[in-house]
Amino acid sequence: METRLFALQRLSAMLLAPLVLVHLALILYAVRGGLTAEEILGRTQGSVGWALFYGLFVLAAAVHAPIGVRNVLREWSAWRGTSLDGAMLLLAALLMATGLRAVWAVVT
Amino acid sequence: MIAGATRSVRPDRRHWGFAAFVVHRVSGIVLALFLPAHFLTLGLVLEGAGSLDGFLAFAELPLVKASEWALVSLLTIHLVFGLRVLTLEFLPWRGARKHWIGWGAGLALAAGAVFLFGVA
C-alpha cells in the first residue's frame with residue numbers, strides 16, 4: 001500500500017503543480033481592488049473550462065493532501081494504523097465533497 | 001568507524017535542505033487544514049451571492065487579510081519546494097539543488113508582496 005500511496009502522492013503533485021500556478025496567478029490578479037461575489041461568479045458561472053479546471057484541482061488535492069498529512073502524522077506523532085488510515089480516508093472524502101460542492105456552487 | 005557511519009546517516013538539522021523539508025511539511029498541513037474552510041466558504045453561493053458577499057466583507061478585516069497573505073505565501077513555497085522534491089526524486093541527480101530553496105523563499109515573498117499591493 002505504501003508504494004501505491006507514494007505513487008499517488010507524486011502523480012497528484014505533478015498534476016497539481018501547473019494548477020496551483022494558474023490558481024496563484026488568478027488570486028493575485030483577482031484580489032486587486034477587492035473581491036465581490038458578482039466578480040467571482042461573473043468569471044466562473046457557465047464556464048465549462050473553469051468547472052473542469054477546478055474539478056480536477058479538487059480531485060487532485062483530495063488525493064494529495066490526506067496522503068501528505070498521513071505521512072507527517074506517521075513520522076511526527078505516535079498515531080498510525082487503521083484508525084489513522086480511516087481518518088485520512090474521511091479527510092479525502094470531506095475534501096472531495098466540500099470541494100466539488102464549491103465548484104458546483106460557483107459554476108452553475 | 002561504526003559511530004562515524006551512524007553519524008553520517010543522521011539528518012543534519014543545520015542543512016538548508018532540512019529547513020526546506022520542515023517548511024514544506026508545515027505549509028502542507030496548514031493548507032490541508034485551510035482547504036475545507038475555503039470550500040465551505042465558496043459553497044455559501046448556494047445560499048445566494050449575498051452570503052458570499054457577507055463573508056467577503058468579513059475578509060476585509062486586517063487579521064483575515066494577513067491570514068490570506070500567509071496562505072498565498074505558504075502555497076507558493078509549498079509549490080516550489082514540492083517541485084524541488086519531484087526534481088530530486090525523478091530527474092537525473094545533479095546535487096541537492098539547494099539554490100531552489102532560496103528561490104522558493106524569494107518567490108513566496110514576492111507572491112506575498114504582490115498580494116499585499118493588490119489588496120492595499
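Predicted model: local features only at pLDDT ≥ 70, side-chain atom pairs only at ≥ 80, totals over all residues.
How close do the axes of H2(B) and H4(B) come, and at what angle do they cross? Residues are numbered from 1 along each chain as its sequence is written, with chains lettered from A and ligands numbered from 1 in the order in which they are written.

**View 1. Chain A, four helices and zero strands.** The order from the N terminus is α-α-α-α; helices (H or I, at least four residues) and strands (E, at least two) are DSSP runs, numbered from the N terminus. Along the principal axes, the C-alpha atoms of chain A fill a box of roughly 45 × 25 × 20 Å. Of its 108 residues, 27% are buried (20 or more other C-beta atoms within 10 Å of the residue's own, with C-beta atoms placed from the backbone).

**View 2. H2(B) against H4(B).** The two axes come within 9 Å and cross at roughly 130° (axes are lines fitted to C-alpha atoms, for helices over the stretch in contact, and angles run from 0 to 180 degrees between N-to-C directions). That makes H2(B) oblique to H4(B), since oblique is what remains once angles under 35 degrees (roughly parallel), over 145 (roughly antiparallel) and 65 to 115 (roughly perpendicular) are taken out. Among the residues making the contact are B:Ala20, B:His24 and B:Phe34 of H2(B), plus B:Leu71, B:His78 and B:Arg84 of H4(B). Contact here means C-beta atoms, placed from the backbone, within 7 Å. By class, the contact has 10 nonpolar, five polar and one charged residues (Ala, Val, Leu, Ile, Met, Phe, Trp, Tyr, Cys and Pro are nonpolar, Asp, Glu, Lys and Arg charged, and the others, Gly among them, polar).

**View 3. Where chain B touches chain A.** Here 28 residues of chain B are in contact with 29 residues of chain A. On the chain B side, H2 (16-42), H3 (49-58), H4 (62-90) and H5 (99-119) each supply at least two residues. The largest share, nine residues, comes from H2(B). That side splits into 21 nonpolar, five polar and two charged residues.

**View 4. The largest nonpolar core, around A:Ala61.** A:Ala61, A:Ala62, A:Leu95 and A:Val106 touch the most other members of this 40-residue core (a set of buried Ala, Val, Leu, Ile, Met, Phe, Trp, Tyr and Cys residues joined through C-beta atoms within 7 Å). Leaving aside neighbours within four places in sequence, A:Ala61 is in contact with A:Leu16, A:Leu95, A:Gly99 and B:Leu35.

Technical notes
Contact = placed C-beta atoms within 7 Å. Buried ≥ 20, exposed ≤ 12 C-beta atoms within 10 Å, placed from the backbone.
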